[in-house]
Amino acid sequence: MAETAEPQTQQTDDSKHAARAERRATKLAKQIGAFAKAHGGAEGQLAHLGQMGTRIVLVGEDGGWGDLVAPSHAVAESATQKAGITVHEDFDGEFAAKVRTGPYEWSRMAGIQVGGPSNDNKG
């Protein structure tokens, strides 16, 4: 009897995991859709983060950008498919050129460089 209980437990765990992944993909798809609506459309790129999951980098038609983190590459792919956005293999070329940055991003990037200005707003 114990032999039959194990496969049922495994199936239950697998179905719970699949349902959780589906809910997460749906939630991410809604967030992607909201971003796309706010920025006149969006495109994306998926970047593996190791055990942390997969980063979904979004670039709007207006140059605005943002990112979300999915718990796995499969969930990230599902979310972008549900949202209906174009997903690029790499973050380069014409896709990367769409990103528009402002003074905040430039000061943050410069602040992490050796000898760059600090980002503490003191001058």
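Val69 sits in strand E3, which covers residues 65-70; strands are DSSP runs of at least two residues, helices of at least four, numbered from the N terminus. This is a predicted model, where local features need pLDDT of at least 70, side-chain atom pairs count only at pLDDT 80 or more, and totals for chains, interfaces and linings use all residues. Residues are numbered from 1 along each chain as its sequence is written, and side-chain values use heavy atoms, leaving out hydrogens and water.

Val69 has a relative accessible area of 38% and is therefore partly exposed (buried is under 20%, exposed over 50%, partly exposed in between, with a 1.4 Å probe and protein chains only). Together with Leu49 and Met52, Val69 makes a nonpolar surface patch of about 280 Å². Such a patch takes residues with over 30% relative accessible area and no salt bridge, joining nonpolar side chains within 5 Å and like charges within 9 Å. A salt bridge puts a side-chain nitrogen of Lys or Arg within 4 Å of a carboxyl oxygen of Asp or Glu.

## Helix H2 and what follows

Now for helix H2, residues 73-83: Val75, Ala76, Ser78, Ala79 and Thr80 are buried there. An α-helix has 3.6 residues a turn, so residues three or four places apart point the same way. After H2 comes Gly84, with a positive phi near 75°.

Note on methods: Accessible areas come from the Shrake-Rupley method with a 1.4 Å probe; for residues, only the protein chains shown count as cover.
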